[in-house]
Amino acid sequence: MQGQAAEMVERHFRSIFNARATALLYKAVVLQFATGRGNGQTAYPLWQWTALFSLAYFVCAEAGNYLSAPSGNYVSFWLPAGLFAAVLLLNPRREWLVLSLAALPANLAFDCFHDARPKIVVMLFFYLANVTQAVTGAWLVRRFVSEKPALASLNEFLGVIGFAGVFSTMLGAAIGAATLKEFGLSPSFVQSWKVWWSSCAMAVLIFTPLILKWFAAPEASRSEKISFKRSVEAVLLFGGLAGFFWYLLVPGGGINAPKIPVLIFILWAGLRFGLRGASLAIFLLAVLSAFYTTHYLKGLSAQEISAGGYVFTLRC
């Protein structure tokens, strides 16, 4: 088993400059992940997958914290919310309990690292909020939309957005805001709920579709071929998006600058690279928006940063 994994890695590095071979290897890995995990059949035991998920959860939490204002009190882009919902939707229900428990050490570790006086009760309530919104959203999608949503139809897309991205994050935000208010960590339940919900909803709306589209339906990409021209076009597309958005938010008007011209890049990605390209472009746009806004602080006042009001503006 380990020999097969090593052989796959070796083949990947040998073919790194061969676009066609690299694409085939990628599809093989994605196909195994999507079909194998969904059916409970995989070359890797469950504990390895849960350990990987726990590590990814912590890394996403740190990334979200990095994308937040350095002097702020809130995480503006809680990426673990999007990761959590997607992982549950990609795995059978019988593994949800194990995956939920795997998020606990990552959640506690993040809170301990970023809180000078961590309180175990508060951290457990934060964890409860994250688990509640992820499990509720995934269950509602499985119950009313699709057992294996791949965003192949408008119904699946709207179902994931509505149940996992909007409704379930409201429940999690209510638990989180009540915790902050009860333990004296926030003076306002409404403001805390608004910021918490915006942070988690933005992650689910942007990160979950990206993961689902790239891992849940590999059969849709079997006919895709990566040519040199398409590789160059992809570099121009995503490089242009990053450069133009930097010009818009940093030298330009900051968070309040008109963002309509950016839609050109989103349409370009969707028309030329399908839903996968569009989901990747939207995710990159959100990450860049959070990074440029919170690190250059163009158009933000000190009060907006400390109160977390900019989080809702970022989502809009």
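In the predicted model, Arg93 forms a salt bridge with Glu147, the closest N and O atoms being separated by 3.2 Å. Because Arg93 lies in the loop between α4 and α5 (96-113) and Glu147 in the loop between α6 and α7, this pair ties together parts that are 54 residues apart in sequence. Arg93 counts as partly exposed, at 38% relative accessibility, and Glu147 is likewise partly exposed, with a relative accessible area of 42%. Glu147 also takes part in a salt bridge with Arg142, for which the closest N and O atoms are 3.9 Å apart; Arg142 is buried, with a relative accessible area of 7%.

A search of the whole structure finds three salt bridges, one of which joins Arg272 to Glu233 with the closest N and O atoms 2.8 Å apart. Since Arg272 belongs to helix α10 (residues 263-296) and Glu233 to helix α9 (residues 228-252), the pair ties together parts that are 39 residues apart in sequence. Arg272 is partly exposed at 41% relative accessibility, whereas Glu233, at 14%, counts as buried. Through shared partners, salt bridges join Arg93, Arg142 and Glu147 into one network.

The structure holds one cavity of 30 Å³ or more, and the volume of the largest cavity is about 30 Å³. Its lining consists of Ala81, Ala85, Gln133, Ala134, Ala164, Ser168, Thr169 and Val204, with two or more residues given by each of α4 (79-90), α6 (120-144) and α7 (154-182). The most is given by α7, with three residues. By class, the lining of the largest cavity comprises five nonpolar, three polar and no charged residues.

Definitions and conventions. Residues are numbered from 1 along each chain as its sequence is written. This is a predicted model: local features need pLDDT of at least 70, side-chain atom pairs count only at pLDDT 80 or more; totals for chains, interfaces and linings use all residues. Side-chain values use heavy atoms; hydrogens and water are left out. On a 1 Å grid over the protein atoms alone, a cavity is a set of points where a 1.4 Å probe fits but cannot get out, and a pocket is an open set with protein on both sides within 12 Å along at least five of seven lines; lining residues have an atom within 4 Å of a point. Grid points are joined across faces, edges and corners, and a volume is the space filled by probe spheres set on the points. Helices (H or I, at least four residues) and strands (E, at least two) are DSSP runs, numbered from the N terminus. Ala, Val, Leu, Ile, Met, Phe, Trp, Tyr, Cys and Pro count as nonpolar, Asp, Glu, Lys and Arg as charged, and the others, Gly among them, as polar. A salt bridge is a side-chain nitrogen of Lys or Arg within 4 Å of a carboxyl oxygen of Asp or Glu. Buried means under 20% relative accessible area, exposed over 50%, partly exposed in between (1.4 Å probe, protein chains only).
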